[in-house]
Amino acid sequence: MTQLPATTDKKLGLVIDLDTCVGCHACVISCKEWNTGSYGAPLSDVDAYGANPVGTFLNRVHSFEAKQEGCPSQTIHFPKSCLHCDDAPCVTVCPTGASYKRSEDGIVLVNEDQCMGCGLCAWACPYGARELDAMAGVMKKCTLCVDRIYNENIPEEDRVPSCVRTCPAGARHFGDFADPESNVSKLVAERGGMDLMPELGTSPVNKYLPPRPKADVNGTQPPALEAQSTEITGFLGWLDRTLEKI
Amino acid sequence: MTKHHQPKLDTSPVVSDEIRRTTCYMCACRCGINVHMKDGKVKYIEGNKDHPVNKGVLCAKGSAGIMQHYSPSRLRNPMKRVGERGEGKFEDISWEEAFEIATGLLDPIRKNDPKKLAFFTGRDQSQSMTGWWAQNFGTLNYAAHGGFCSVNMAAGGIYTMGGAFWEFGAPDWDRAKLFMIFGVAEDHDSNPIKMGLGKLKANGAKIIGVNPIRSGYNAIADEWVGITPGTDGLFILSLIHELLKAGKVDLDYLIRYTNMPFLVNQVEGSAEYGLMVRDADDNQLVWDRATGKAVPYETKGAKPAMSGMVEVNGVQCRPAFEILAEKYLTDEYTPDAVAERVGISADRIRSIAAEIARVAFEEEITLDIPWTDWKGEKHEKMIGRPVAMHAMRGISAHSNGFQTARALHILQILIGSVEVPGGFRFKPPYPKSVEAHPKPHHTVTPGAPLNGPHLGYPRGPEDLCLDEDGKAKRIDKAFTWENPLSAHGLMHMVISNAHAGDPYKIDTLFMYMANMSWNSSMNTTKVMDMLKDKDEDGNYVIPNIIYSDAYSSEMVAFADLILPDTTYLERHDCISLLDRPICEADGLADSIRWPVVEPDRDVRGFQSVLIELGARLGLPGMVNEDGSAKFKDYADYMVNHERRPGVGPLAGWRGKDQDGKGRGEPNPEQIDRYIENGGFWVDHIEPSNAFYKPWNKGYQEWAVERGIFDKESPYVFTVYQEILQKFRLAAEGHGDIQPPERLREQVKMAMDPLPIWYEPFEQTLVDNEEYPVHALTQRPMAMYHSWGTQNAWLRQIHGTNPMFISGELWAEHGFNEGDWAVVTSTHGTITVPAVRMDALNGKTIWTWNAIGKRKGAWALSKDAPETKKGFLLNHLIHELLPARGDGQRWNNSDPVTGQAAWFDLRVNIKRVDAPADLQSSPDTAPQISPVGQGPKDIAYGKEWT
Amino acid sequence: MHPAPSVIVFSTISGLGFGLMLFMGLGLPDVSGWVAASFATLALGLAVIGLLASTFHLGNPKNAIYAFSQWKTSWLSREGIMAVLTLGVFFIYAALWAFMDNRIPALGYLAAAMAMITVFTTSMIYAQLKTVPRWNSATTPLLFLLYASAGGALLSNQMTAALVLLGLLAAIQALAWLQGDSALQRSGSTIETATGLGGLGKVRLLEKPHSGENYLLKEMVYVVGRKHAAKLRVLALLGTALVPAMLILLTEVNHTIVGVIMISHLLGLFAQRWLFFAEAEHVVGLYYDAR
């Protein structure tokens, strides 16, 4: 049903720490391997060994540069998947009712049994979070691993999205944004978690932690060490004095 | 319809039928993996939470293991070549025929002249076994890929402090407050580094990245130092200058744990000049300030002097520290003197030195853990200097890499941050001094084993592998005056030397997992020509090539006999303490692979094949007295082989009672115990033994118990390395073993007992105005060597590799988006797609390594992007330096270790329009695929959804 | 946005059909019997062909039936429902007119209104998208309505009405292009807001997430050359409006001329609709540093 729930009990989502992400693509492939064998149709790869391989991925990592005039440029690795928006335009545009936002946890999902593959939801999403699978003809998107996070067949500590469990640098955090005491809420509060394209009014649940300031771009440099002596004889004098104390 | 409707979901689906835990092999990290099996197929691979290496995380490669395991490029049968070399025409044969061909080639070689077999393994994780096999075969021509990878780092570390980075040790991620990372190929120790960086970030530590390229780890560094390639050594020595000048060195540490107080002979011109002064019992001496006498350095209560010329037994000598201080306090190393060359402002260098000193000495950390040193002295606390460092290929793949690696280790030692809390920590079986390592062995006897292990650490000119005429004994010319400390061999020289018949012709080249006709060779096009070249009689110049690989790589096309290997999920393996294990700083660990999936092709694990081949050849250790095979396969070897009595490939669950740790007789159920435990074994170190390992009595005793040593082996760090001085003395004319005249000056210059920096060789030989640009490669985190390309998922991430061009060069040459670049070195030219990158050293260009592929390889279509836009930088690099006009061609290698100097490359660039066919050049002729081409489309997992 | 032929055909052809229904609903042309049946068949045929073409755009047409369910929130659902209802009402109206000779004007006005509402719902599928600033404008429904009604006027041989509508259309189209060219910029979405990295300086893409293509790039990042676009705009204006208007004003309109006018209008319409998609910048392109 494409009407958004008025409220959701929980607001599950991700915090992505751009200060820690090294751009290794671990989350991209872990997502692919989990989701190609679970929720809904597999994530296909067309022309897999050919000239133009195009596969369905629910999470992709971009690399950006950012530069201020006269300063060194910075590199930022930027993972991007569905942000599970509170005001998800992808849900309301859906003509078939396949797209919906869960009232219990806010996860935005596609019910593939109703999806006709028109692609309008992907057009409505500003973030490029939805991809129509070329072989199955249905819309695929991040499920926040809804078949992991409540899964009683896997150990409790592993009940997090596959991307979060695998992230080597610990740049991805999963939790409930409706709970101000949750890990994700605290991170957002402490580190100034931000929305992507806030001007579009989508109210994303997922938040991004901005890179911390870089010492070489806009930091101050510690002053030089004070020399004991510039001459070797002076150095030896220091050496003798210090050795006496040892 | 006012109520919100949503479908009911099964949020607890059964994930898999079974989880089989083994070890990853998607790169060299050796992480533990949980392989979820469903209906006999691999469904999902995740990191093993209990595993010491990755603790549950897994990189992109690891997760893409499914696609690697089911890759269409997998070889299916043994094959023999029926076309010309390089063509790729093969005929399937049986294993019996393959063994007959192999024994037919190898048996006569062994009986007549074992050195005619050159056996080189590439990214082999079973070197203790392959080396043992080669030793028993009797050839001296064996090595793995370290010579073109990171031997400078390894040897620099061993010769300085008994270990280096990665398998040897790691930063204290939990306690470090300042971390400096220098040029790291992102596949080396990748998950542990990523996890470590995450910890540092969470702890609020500062990360300084020293790298010409701000990508990956450097992207998240709190401070990026975009150094000019090849100048890391100069930068480090300038930091040392600043620290010495300010007196910010840990004198107590240097006196206790290093050879800095040792007395060094200062009688110029003498044959002992620059060597340590010893007493009659061969003890190295220090000057005791308390008694005014020279005493053995281990003397309890001595107060060693750190400066001052003294006379001992009639010999003028002084502490090594004074020599070091004198050397680095000169104006040569002031920040102002080096700034321009390193591309970092003098102020930045000074402030980084200040930051190191501040954190090391003002943020000292103390653990209240008592410990006892090897002299018996008790210490109440462990004092930490929380500055940690890490480096890899970026600094080591230069012709000055050995000395640069030593400089970096010495920087850490001077601030007292090695083997202390917050600093750099060794992983058992390291630390291990040079003396605890073997020397190289090279005595070949027909029909008998080599007289010892091939590779080792020479202690002086007497350990070089030279014949009576001073000629190289090994085909790769390792351990010669050109590169005396080539501890990992020089795999990158084997094909060109064998082709040239220099120092001699070989009969059979036997290789494993080394893509030498492609991305693993410099000078790729010429190497392919050498492999194909025929003499005037129409015979191949390199007569026979046997190759083992699991996949249809570029090298397959050049072999005469193919022994198809299994995938990593189909095999037994041991990541052994005898080799390069998976230990952590707090524990001893090893691991196995086991067939979690049975092969569906007629393929066999290479090590099992090697064991059968050894048995058929009757090699010692591989046959019983009655001539029957001693081991059924590699698994049998892993359990039952003993290298020393009670010490075998696997350290866990040894002995009858299955509780032996490190020592104990073979346990037939050992592999089962490993499998039950998740494929690995770990034995943690007591906190009191976890630091100061080279000097910690408790650690040393534990190491003996575990079979790491047979006796306690404490030692001090050899900041001043007299072994190097021995070579230098020879170059000055001392001793019987003399370098050839042409190499005297190079040996004198390079074998300095204290680190030096010199300009990378290539840039001293080319016109720097004509070739003003540095060209580098990096390995993407999501790909490993050439393997990743056959992987349907990974190749979508890196299917092409643009040349990244610094913003400065981009503007200077008038590049626009979509343009291509012609890149020229003294050796060759490539035409490739160009992309701008601002966060890059201004005089540098770079690309991802090993993305470009030969058409027809890896079961890809012939118009795959990897073969069109993709390219190799290797075409621009030669294994020899440009001619100097002295009639000699010098190796493009480090003059100490022979490490391939990949990163010395100098080029110029020119903007061009993209070619109409978007084909990079050179475009190598295609090879025929013995496995056909992969399927068009895939939808993996459709049976489960 | 990718100018998919199925969507171009759908929106143009069905628009013409509903445009013709508008005029027939008003009782124009004033015909009866088989002539009325032919016009009605043309209107229905165009609308149905257009709607069928749209199903070629679907990845999974077997679920298309569900598309009638979400009228509360989805313009696409509303369009489907409106289209079917309109076809039904118009069919009854036309059948009574042609076969019973009983044209019921009230039913005609209803069909005409419904036809226009259908076209409006179609336009709102595009106009509602904040992600495509060029479309997210009042000009989008205006244009769709004008194209449909002008086409309907031409088809129903209402040349005076056609002249007025074509004039309006040309003016609004020019305005739409003019506004559209700055729409992305005016929307306030930039690569900096998309990434949140504006505080670090000017942002640019270093590497795409995957070196090859993907669905998003194929579907939503379509780059047309500026010169190419300018030519097509001229062609679209000439074809849809100027040439037909000139022919109406300067010639004796006969069947041949009507044929020429319709061909011209259709060619122009295809060019216009191709541009409508191809020139529309989706904000996801910001993540690829591409329009």
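Mentor: Two residues are in contact if their C-beta atoms, placed from the backbone, lie within 7 Å. The model is predicted: local features need pLDDT of at least 70 and side-chain atom pairs count only at pLDDT 80 or more, while totals for chains, interfaces and linings use all residues. Residues are numbered from 1 along each chain as its sequence is written, and chains are lettered from A and ligands numbered from 1 in the order in which they are written.

Trainee: How many residues of chain B are in contact with chain C?
Mentor: Chain C contributes five residues to this contact. On the side of chain C that touches chain B there are one nonpolar, three polar and one charged residues; Ala, Val, Leu, Ile, Met, Phe, Trp, Tyr, Cys and Pro count as nonpolar, Asp, Glu, Lys and Arg as charged, and the others, Gly among them, as polar. The number of residues on the side of chain B is eight.

Trainee: Which element gives the largest share of the side of chain A that touches chain B?
Mentor: Here 80 residues of chain A are in contact with 92 residues of chain B. Elements giving two or more residues to the side of chain A include helix H1 (26–36), strand S4 (59–67) and helix H8 (232–245), where helices (H or I, at least four residues) and strands (E, at least two) are DSSP runs numbered from the N terminus. That side divides into 39 nonpolar, 26 polar and 15 charged residues. The largest share, eight residues, comes from H1(A).

Trainee: Why is strand S2 of chain B largely enclosed by the rest of the structure?
Mentor: A residue is buried if 20 or more other C-beta atoms lie within 10 Å of its own, exposed if 12 or fewer, and partly exposed in between. Strand S2 (residues 32–38) of chain B is largely enclosed because, of its seven residues, the number buried is five.

Trainee: Which residue of S3(B) is the bridge partner of Met37(B)?
Mentor: Two strands pair if DSSP finds at least two bridges between them. S2(B) runs antiparallel to strand S1 (residues 18–23) of chain B, with six bridges, and also antiparallel to strand S3 (residues 41–47) of chain B, again with six bridges. In the hairpin of S2(B) and S3(B), two residues lie between the strands, and Asp39(B) takes a positive phi near 50 degrees. The partner of Met37(B) in S3(B) is Val42(B).

Trainee: Is His51(B) buried or exposed?
Mentor: His51(B) lies in the loop between S3 and helix H1 (60–63) of chain B. Beyond its neighbours within four places in sequence, His51(B) is in contact with Cys31(B), Gly32(B), Gly678(B) and Phe680(B). Because 27 C-beta neighbours lie inside 10 Å, His51(B) counts as buried.

Trainee: Which strands stand at the edges of the open sheet of four strands in chain B?
Mentor: The order of this sheet is S11-S10-S9-S21, with parallel pairing. Strand S10 (residues 206–210) of chain B pairs with S11(B) over three bridges, and Ile208(B) has Glu223(B) as its bridge partner in S11(B). Each edge strand has a single partner strand, so one side of each is left without a neighbour in the sheet; these are S11 (223–225) and S21 (387–391).
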